[in-house]
Amino acid sequence: MKGNLKLRNLQDSTFLRKLSIKHRLLIAFLITSLLPVVFVALYSNISYEKSISEKLSTSTLQVLAGSAINASRELEQYETLSESIIINSLIQNGLQHVNSMTDFEKYGLQTNIKDALGEQVFRLSNISNVVILANDEQAFFDLGFEWYPHNQLNDALQGIAETAGNIKWTHLQSNRGSNKIALSRIIYSQDNLNQSLGYLIIVIDEKVFSRNTFEHVDLGKGGRLYIADNKGIVVSSVSSSIPQGQLYNQQKVFNTLISNASGRTFYANIDGKRVLVGSSYIRSADWYMIGLIPHSYIISELAVIRENIIYICLLILLLAGLLAMWIYRSINRPMRDLLQYAKQIKLGKLETRLGVTHPDEMGKLSETIDQMVDRLKRLIYQVEEEQQAKRDAELKMLQAQINPHFLFNTLNSLKWSAMMSGNENVEQGIASLSELLRNTILDTEEMITLEKELDNVLHYAVIQRIRYGDSFKLVCSMNDVQLYRCLVPRFILQPIVENSILHAGSGEGRRVQIVVDGSISDGMLLLKISDDGKGFDMAKVHQRKYSHDKLSGIGMSNVDERIRLHVGKQYGIETWSEPDIGTETLIRLPMTMKEG
């Protein structure tokens with residue numbers, strides 16, 4: 001991990017060193033000066049926009065709530081008028097006997113009703129029609145001056161029985177294309193409230209209604225306000241872009257609006273523009289007063305701030321550039337002098353000096369270089385004095401040095417001499433000693449393969465067999481061929497085998513069996529060295545260090561320390577022994593395979 005970090009630092013440094021100091025300073029000043037401005041500008045822009053949106057949302061909801069109250073009050077007067085019409089005795093009696101009346105009687109009754117209701121109805125100037133229908137939906141009385149094609153009056157009566165309070169408000173359109181709002185009610189008998197006598201429809205002018213309720217409301221530039229029923233059909237609107245009497249093309253937005261239980265505003269995409277949507281519920285008519293405010297209007301004041309930020313950034317760019325060039329000049333001049341001084345030193349002119357320097361980093365660097373030159377002059381003089389003495393020392397060292405290759409060549413000659421003489425034991429001993437010394441002197445790697453470590457042990461056993469004869473037998477057994485590629489610390493087996501050879505033999509002359517066994521357990525390499533020698537009492541040899549004067553030059557405790565040092569404290573050796581039974585040593589190592 002540290003290596004990767006150093007590599008990344010080196011790569012970053014290499015990239016920066018490709019740029020001149022002037023460009024590096026310029027980039028640094030631009031970044032350190034522009035980043036705070038851009039960050040503050042973005043943060044201020046987001047915070048200001050959020051604050052404005054929240055305040056405008058609250059204000060919009062208050063305006064919509066006020067407009068909804070105005071609309072409810074406007075509707076209440078028509079509901080009150082409908083109550084007085086329903087209980088009128090002329091209408092009650094007329095509807096009960098309408099089927100038995102002659103045309104003359106009907107005409108006379110209609111005239112009386114007109115006289116009775118005229119003043120009360122036309123006191124409200126925005127009423128277009130007052131229509132009374134019999135149970136068969138045939139006209140019984142019609143006070144007004146407009147008519148409505150496509151059976152709109154009959155459609156206004158659909159579902160009225162299921163409405164709350166026997167009141168239904170719907171949108172109509174007259175034969176002249178005028179938008180109207182209709183109040184529909186069932187006329188029940190005063191004597192029997194379960195008996196339906198007919199229907200009452202009061203039609204009012206939508207323009208007058210919107211003028212009296214919400215036409216004066218200003219939601220800002222581009223803001224729109226309209227009323228829709230519970231199905232999303234536009235009932236009233238002062239904006240030509242929102243047609244009345246049909247579903248507004250943002251039905252998805254309306255569905256979100258009516259499911260918004262909290263009644264809070266939300267943003268939506270309407271007609272390709274981001275719009276803040278708010279609403280207020282008109283309970284008496286089951287309508288929604290809906291306001292649409294363009295997001296562009298909300299952030300319109302931010303445009304001036306953004307323009308000023310651009311000017312500020314340009315000004316900072318100019319100032320940062322000038323400041324970077326000024327600082328660059330203060331660095332560049334002493335650097336040129338220092339470079340010229342370095343060239344003089346390169347040519348061997350060590351008597352040159354920089355002279356007066358400033359008390360900044362460049363001045364301290366110049367002073368340090370002067371001191372370095374003085375030190376260099378003294379070292380050159382010292383080297384010249386020591387050169388002759390070094391030549392004499394090298395000559396004496398060469399004369400006294402024993403070349404390892406000369407030693408190996410000599411051992412090889414002795415091996416061939418023993419072979420020619422037919423002395424096989426001496427030949428094998430010299431060959432093993434040669435290989436063992438080669439691995440000891442020439443091979444300086446601390447971690448070697450298990451295969452090479454086993455070879456060293458076998459060479460050592462051959463040498464010891466010259467001295468001890470056939471008193472021991474060494475067997476190496478690995479459970480898996482891949483174990484030979486495992487990396488282990490060098491010379492960890494030889495001291496343990498040596499102890500088995502030297503200390504396991506019995507006075508009876510019995511041949512000692514020494515077994516080196518390798519296996520894998522729980523992801524670890526286990527090397528077990530066991531013998532069937534005389535063994536010893538573990539309690540009496542606690543903390544005892546074995547042979548330190550043999551060929552290995554190291555003891556078992558040293559092996560344990562080296563294992564823990566190289567592969568970790570959780571690894572090492574453990575020894576068990578019992579008199580007359582034998583000794584067993586277990587080495588635990590990690591499974592580290594040699595690459596290639």
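Q: What makes strand β15 (residues 524–531) and β17 a pair?
A: Eight bridges join the two, and they run antiparallel. Two strands pair if DSSP finds at least two bridges between them, so β15 and β17 pass. Zoom in and you'll see Leu526 standing opposite Arg588 in β17. "Strand" itself means a DSSP run of E with at least two residues, numbered from the N terminus. By the way, this is a predicted model: local features need pLDDT of at least 70, side-chain atom pairs count only at pLDDT 80 or more, and totals for chains, interfaces and linings use all residues. Residues are numbered from 1 along each chain as its sequence is written, and side-chain values use heavy atoms, with hydrogens and water left out.

Q: How many bridges join strand β16 (residues 572–578) to β17?
A: Seven, again with the strands antiparallel. Trp576, for instance, has Glu584 as its bridge partner in β17. β16 and β17 form a hairpin with three residues between them, and Asp580 in the turn has a positive phi of about 65 degrees.

Q: Why is strand β17 (residues 582–590) called mostly covered?
A: Seven of its nine residues are buried. Buried means under 20% relative accessible area, while exposed is over 50% and partly exposed lies in between (1.4 Å probe, protein chains only).

Q: Why are β7 (234–237) and β8 (266–270) said to stand at the edges?
A: The open sheet has five strands in the order β7-β6-β10-β9-β8, with antiparallel pairing. β7 and β8 each have a single partner strand, so one side of each is left without a neighbour in the sheet. Neighbouring strands are turned by 35 degrees against each other on average, direction ignored. Those angles come from axes, lines fitted to C-alpha atoms (for helices over the stretch in contact), and run from 0 to 180 degrees between N-to-C directions.

Q: What makes the largest pocket a pocket rather than a cavity?
A: On a 1 Å grid over the protein atoms alone, a cavity is a set of points where a 1.4 Å probe fits but cannot get out, whereas a pocket is an open set with protein on both sides within 12 Å along at least five of seven lines. This one holds about 490 Å³ of space. Of its 20 lining residues (an atom within 4 Å of a point), the closest to its centre are Lys168, Trp169, Thr170, Asp229 and Asn230.

Q: Which strand gives the largest share of that lining?
A: Strand β3 (residues 168–173), with four residues.

How values were computed
Points joined across faces, edges and corners; volume = space filled by probe spheres on them.
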